[in-house]
Structure formats: C-alpha cells, structure tokens
Amino acid sequence: LVQAAKNMGVKFYFEHSVKSIEVRNKKAERIEFENGKTRQVDILVSNLDPVMLYGRYWNSDKKNKRWHKTRLDKLRHSMGLYVLYFATNHDYDELAHHTIVLDEDYKIQLDDIFDDTQLPKKFSAYLHRPKTTDAHAGPKGIDPMYVLVPVPNLKSGLDWQTIEPAFRQRVLAFLEQRCLPDLKKKLRFAF
C-alpha cells in the first residue's frame, strides 16, 4: 500500500517527531517537526488517539469548543491493543477471515481495562486469518494470522517488557481453548 500511495504522489515521513500541526479553517496545512523542519500538507493522516492529536499537536487559528483543552482534559483515552502475529503449520480452514471471540462477561474485561487499568483477567479477541479468502497469504502449509486483544493504554504504566511473555502465553491458551485446537503443538512462530 505504501508503494501504491507513493506512485500517486503521497509523501511519507517516518521517524520524524512532530512538534505541532498548523491548522486553518479546520484543515491541517503545515507540520513542524522537532528538528525544526516544516512540511506543507494537503491531507494529514494520523493514527494517534484524538486526545493526543488535538490536545498536544493541533494548533488552530480558531477556538474550537470540541477540541478545547478543558474538554480534552476530561475525556478518557481509548484502550490499547495487544497485537500478536503468528503462524501455524496447519490450515484452520474452519475459521472465517475475521473472527471475533467474545468472553461471556465482557463487562469484567472493560472494567479491568478502563477502571482498574490492569490486564484483563478474561478477554475477548479479534482474530484475522487472511488465508480464508487469499490462498496466497502465506506459503503452502503455513497459516499466518494475527490477534488483537484489548488492553489498557500506555498511561496505565504497565511494563510490557516484563509482562508480555506471560500475556502472550495466556492469549495463545485462550485461542487454543476457544477456536484453534492444538494451537501450541501447531504453532510455527509468534511475535
């Protein structure tokens, strides 16, 4: 997709820390980077949390009630997502391209994430298996997938370097129990 966008004249700026985004008439016009360089923009695409984008970087020429700092300070940040890419040496043909695996009591999960800012005791997940609709999504005999699990955002202070290995095992056990029988035996790699 990046190459297709570049072929259409889109310019990407990776590994540049943004200092501010200048806005006129609700439209981003210029980005200033921490290194002092600036770039004019026609369109700005961002995957930042809206509170972070509008609170920290959005420099508007007009007061905007919707994105005013007082209002932003009262908003709650969205949850985070744990992403695990993995592949098996078995084709799980019974799975759909998109599979949502919900815990029977998802409210407990959301309370853990938003109120207690801890890893959920139980969780739900989104599982993506591209080989369902594209046989060429992976080499023959390899079934690539990824799973997204809602978790607290980075403001929680969780030390992911420490907790990730155990959480990964919990996620794999959950998938094995709920939708991927014998996953641990058939797991080729996970990262």
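## Overall form

Accessible areas are found here by the Shrake-Rupley method with a 1.4 Å probe, and by that method the surface of this protein comes to about 13,000 Å², of which 53% belongs to carbon and sulfur atoms. The structure is a predicted model, and every value below should be read with that in mind. Of the 191 residues of the protein, 32% count as buried.

The protein has 6 helices and 9 strands. Its radius of gyration is 21 Å, well over the 16 Å that the globule rule gives for 191 residues, so the protein is more spread out than a compact globule. Along the principal axes, the C-alpha trace spans about 55 × 45 × 30 Å.

In the loop between E3 and helix H2 (50–57) lies Ile43, which is exposed because its relative accessible area, 70%, is over 50%. From C-alpha to C-alpha, Ile43 and Ala5 are 13 Å apart in space, while in sequence they are 38 residues apart.

## Strands E5 to E9

E5 has antiparallel pairings with two other strands, E8 over 9 bridges and E9 over 3 bridges.

E6 has one covered face, made up of Thr99 and Val101, and one uncovered face, made up of His98 and Ile100.

## The largest nonpolar core

The largest nonpolar core holds 22 residues, and the members that touch the most others are Phe86, Val147, Val171, Leu175 and Leu180. At least two core residues come from each of strand E5 (80–88), strand E7 (125–128), strand E8 (143–151) and helix H5 (160–178), and H5 gives the most, with 5 residues. A second, separate core of 11 residues includes Ile21, Val23, Ile31 and Val41.

Val147 shows how such contacts reach across the sequence: leaving aside its neighbours within four places, Val147 is in contact with Tyr82, Val83, Leu84, Phe86, Ala125, Tyr126, Leu127, Val171 and Leu175. Val149, which has its place in strand E8, counts as buried because its relative accessible area of 0% is under 20%. Not counting residues up to four places away in sequence, Val149 touches Gly80, Leu81, Tyr82, Phe123, Ser124, Ala125, Phe167 and Val171. Val149 and Leu75, by contrast, are 22 Å apart in space, C-alpha to C-alpha, and 74 residues apart in sequence.

## Helix H5

An α-helix has 3.6 residues a turn, so residues three or four places apart point the same way. With that in mind, the reader may look along H5 in the structure for its buried residues, which are Glu164, Phe167, Arg168, Val171, Leu172, Phe174 and Leu175.

These buried residues of H5 pack against E5, strand E6 (98–101), E7, E8, helix H6 (183–186) and strand E9 (187–190). The helix also bends by about 30 degrees at Ala166.

Terms used: Residues numbered from 1 in each chain as written. Predicted model: local features only at pLDDT ≥ 70, side-chain atom pairs only at ≥ 80, totals over all residues. Heavy atoms only, no water. Core = buried A, V, L, I, M, F, W, Y, C linked by side-chain atoms within 4.5 Å. Buried < 20%, exposed > 50% of the residue type's maximum accessible area, 1.4 Å probe, protein only. Helix = DSSP H or I, 4+ residues; strand = E, 2+ residues; numbered from the N terminus. Contact = heavy atoms within 4.5 Å. Bend = angle between axes of the 7 residues up to and from the residue. Rg over C-alpha atoms; globule rule 2.2 N^0.38 Å. Pairing = 2+ DSSP bridges.
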